[in-house]
Amino acid sequence: MLKHRVLPLVLLTGYNVVKSINFSTYRTLGNPITICRIYESRGVDELVLLDIRATVERRGPSLDIIRDISGECFMPLTIGGGITDLEQVRKILRAGADKVAVNSAAVENPQLVADIAREFGSQCCVVSIDAKQTGAGQYEVYTHGGKQPTGKSPVDWAREAEALGAGEILLNSIDRDGAMQGYDIELLKSVADVVSIPVVAAGGAGEPRHFSQVFREAHVSAVAAASIYHFTSFTPMEVKQELDSCGIAVRI
Amino acid sequence: MSKEVTVIDIGIGNLASVLKALKKAGSVPKLTSDAASILAASKLIFPGVGAFGAGAAALEKFGLTEPIREAVLGKKIPILGFCMGMQLFAQRGYENGDFPGLGLLPGEVRQLDIAKCRVLPHMGWNNLDSIDGMRLFEGLPLSPHFYFVHSYHMTNLDPKVQVSYCQYGDERVTAAVQLENIYGTQFHPEKSLANGIHVLKKFVEHA
């Protein structure tokens, strides 16, 4: 049986690991190599690294960091942040990543998603979507680190991304980011129910029961989280034990 | 016994991860796109990610179809394929068209049934139903987990091919195959933590 995945999310600004609240007020948390080494030793399901300042600084993620991390990482590695073209994707995959996450550039140029899927396969093309609530049951996609409104709804954009060949959606709630009060179930469910590709929930996890709730109520395939692992004593394994005790299948 | 393994490079796929994992498994991997090196290899690894048609076209472009067939079927050199590499062992593949494979195994590659799976790709950690008789899985716990990411799998296999399956929704997915000197895994051993390294080690040391 396919297991529900529990993914640590590592947010970077260049060479530093950071954690944001509502996509601002960053705290610096240390060195990405050290942090990834800990996750590797714990045998986590997958690792996702996003450089959250890359787009606004008009650069891609650091290839050196990818090389260093993938050198000791025998699990799937997703890299995102500032990716705008196929040549960059090629370099990132060569440096040892398995998937790339595209966000702002994909909204501006949806053909990028189709190009990545055609050239490298859908399995390595993650479309990362940052959404903000604009009213009751209303959400809008924001890009450029949550700063730029796009006029697109996350449901429409996720459907379009799937049709273009995306292999996975990473859906992050800007409002819940770093708040540790639980995932935005309504947002996540609205997208997971209309696409047939895996949806990864992000934004808001603060305690293990938030993970079981989002799996049960929003039908996502995986849960990503950062703050809970940085600011509480909970580990990915403890989250999985909680899920297992709720009858949600995980790899332990 | 030589621990050298020859990794077939047809210009697609994440070879960096494969080479690192093979080193971790105690082997000395050597990359090649050259027919003579393939025919002279003591062991062959055929990794790959992406679409069957692209793989088939790359084999044609590099002129490697016949050399690989001769090495594996004629000279009986052990070969291990992962993911698309394994799928290319089949006779035909039907991903975005109809393409010939290497024909090392009597079978074909077809899409998983979305009605049975509900979500595709089949992405993440799944456990094998049975590993009985699969030489590369000896020593692993029953029903071991591996990392999968694919939407197509090998099917209509001849009964002489030994198969391990995993369950995804209501679909029974071909997870690993074995026939004499031919081994294939639909999952990615290079991305499957200790279990994956175990499989590579078995191939390097005992196949």
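In the predicted model described here, helices α7(A) and α8(A) are oblique to each other, a class that takes in whatever angles remain once those under 35 degrees are counted as roughly parallel, those over 145 as roughly antiparallel and those from 65 to 115 as roughly perpendicular. The model is a prediction in which local features need pLDDT of at least 70 and side-chain atom pairs count only at pLDDT 80 or more, whereas totals for chains, interfaces and linings use all residues. Residues are numbered from 1 along each chain as its sequence is written, and chains are lettered from A and ligands numbered from 1 in the order in which they are written.

The axes of α7 (residues 185-192) and α8 (residues 208-218) of chain A come within 9 Å and cross at roughly 40°, axes being lines fitted to C-alpha atoms, for helices over the stretch in contact, with angles from 0 to 180 degrees between N-to-C directions. The crossing of α7(A) and α8(A) is right-handed, a term used if the near helix is turned clockwise from the far one by less than a right angle, anticlockwise being left-handed. In α7(A), I185(A), L188(A), K189(A) and A192(A) meet Q213(A), V214(A), E217(A) and A218(A) of α8(A), where contact requires C-beta atoms, placed from the backbone, to lie within 7 Å.

Chain A holds ten helices and twelve strands, helices (H or I, at least four residues) and strands (E, at least two) being DSSP runs numbered from the N terminus. The radius of gyration of chain A is 16 Å, close to the 18 Å that the globule rule gives for 252 residues, so chain A is as compact as a globular protein of that length; the radius is taken over C-alpha atoms, and the rule is 2.2 Å times the number of residues to the power 0.38. Of the 252 residues of chain A, 54% are buried, which requires 20 or more other C-beta atoms within 10 Å of the residue's own, C-beta atoms being placed from the backbone.

Buried residues make up 56% of the 207 residues in chain B. Seven strands of chain B form an open sheet of mixed pairing in the order β2-β1-β3-β4-β13-β12-β11, pairing being assigned if DSSP finds at least two bridges between two strands. The edge strands, β2 (28-32) and β11 (162-168) of chain B, each pair on one side only. Strand β1 (residues 4-8) of chain B runs parallel to β2(B) and is joined to β2(B) by five bridges, with K30(B) in β2(B) as the bridge partner of T6(B).

Between the chains, 31 residues of chain B are in contact with 28 residues of chain A. On the side of chain B that touches chain A, α1 (15-24), β8 (122-127), β9 (145-150), β11 and α7 (193-206) of chain B each supply at least two residues, and β8(B) gives the most, with six residues.

Technical notes:
Buried ≥ 20, exposed ≤ 12 C-beta atoms within 10 Å, placed from the backbone. Contact = placed C-beta atoms within 7 Å.
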